[in-house]
Amino acid sequence: MAGWKFETVVPAAAAEAFAAAVESLCPAVASFEIPGSTLWRIEGYASDMPPHAEAAAAMAVAAARAGIAEPEFTCIPLPDTDWVADNQASFQPLHAGRYFIQPSHFDGAAPHGTTALTVDAGAAFGTGEHATTKSCLLALDGLAKRRQFRRPLDLGCGSGILALAMAATWRRPIMAADIDPQSVVVARENAEINGLDGWLRIRCSNGVADREVRKAGPYDLIVANILAGPLVALSHRLSACLAPRGVLILSGLLAQQENAVRNAYRRQGLSLRHRIALDGWHTLIVARHPV
Ligand SMILES: C[S@@+](CC[C@H](N)C(=O)[O-])C[C@H]1O[C@@H](n2cnc3c(N)ncnc32)[C@H](O)[C@@H]1O
């Protein structure tokens, strides 16, 4: 058996209190608005069944806190499912500019003239489906029409998808880094699967803290699809690794976070040259000179 699913349905105003209660029973919790109603479904996932008495007590406390009657709840066993395989099977090829990202189970031919990359959904972020990744691929496609880059860095490489795209486009040594060791393993596997391992160096690094990452700079292109917080925190050290005529692609920020990120990089002498907005996410291309 793969584990247990705990479920309850509560009024919207009580959803937060119940999500917190379910969190005390299950390590993973998800809350969903039920369309066309004022109700929310709170789901919890656990490897062992939460004890009934403990679950009932947690529900009673949350109900008292939210001022509602105790809702019913269920706790059902989950079938044995290979979630990774299921997720991989649902992942279909996608286009972003010149890039055609295909899962390994895809047995069709990549469209003529595209740069095909094989990336499976797995333990590291980055299949191209997410707006932030897709926007970075579009940004790389746009830059590739205008310029050659000789020394790129992919910071927060996840699956390595952007480093692979840069290697396939420019056939130059690419540095890639991620804070998460598992992502480094996955990115190395993907580099090999795509026959691009000869071009990629992949390091485990918090920002540009790793000596090898700093030593390989200054970079004429840096793509950093991280999140607004780390991007702001890294603005000084990341800009210091950028060559004078270098270009920096910043992604992973929501529209409302753009000003904070832009201001941080403007203080480093980098101005906005181009923006890609997709599904509420903004990707910024900044540089000291026109790109
Ligand atoms: C949104 S994913 C992007 C993955 C991939 N580059 C893409 O575009 O799909 C962000 C990645 O940044 C990594 N990351 C987060 N903070 C970091 C930091 N301070 N230094 C290096 N990597 C970081 C995460 O581990 C994660 O793999």
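**Exercises on one strand and its neighbours**

The secondary structure of the chain comes to ten helices and 14 strands, where helices (H or I, at least four residues) and strands (E, at least two) are DSSP runs numbered from the N terminus. This is a predicted model, in which local features need pLDDT of at least 70 and side-chain atom pairs count only at pLDDT 80 or more, while totals for chains, interfaces and linings use all residues. Residues are numbered from 1 along each chain as its sequence is written.

**Exercise 1.** Determine how many residues of strand β9 (residues 174-178) are buried.

*Solution.* Begin with the criterion: a residue is buried if 20 or more other C-beta atoms, placed from the backbone, lie within 10 Å of its own. Applied to β9, this gives five of five residues buried. Taking the faces in turn, Ile174, Ala176 and Asp178 are buried on one side, and Met175 and Ala177 are buried on the other. For the chain as a whole, buried residues make up 38% of the 291 residues.

**Exercise 2.** Find which strands pair with β9, and in which sense.

*Solution.* Two strands pair if DSSP finds at least two bridges between them. Strand β8 (residues 152-155) runs parallel to β9 and is joined to it by three bridges, with aspartate 154 opposite alanine 176. Strand β10 (residues 200-204) also pairs with β9 in the parallel sense, over five bridges, and here alanine 177 stands opposite arginine 203.

**Exercise 3.** Identify the handedness of the β-α-β units that contain β9.

*Solution.* A crossover is right-handed if, with the strands pointing away from the viewer, the path from the first strand over the helix to the second runs clockwise. The unit of β8, helix α5 (residues 161-170) and β9 is right-handed, and the unit of β9, helix α6 (residues 181-193) and β10 is right-handed as well.

Note on methods:
Buried ≥ 20, exposed ≤ 12 C-beta atoms within 10 Å, placed from the backbone.
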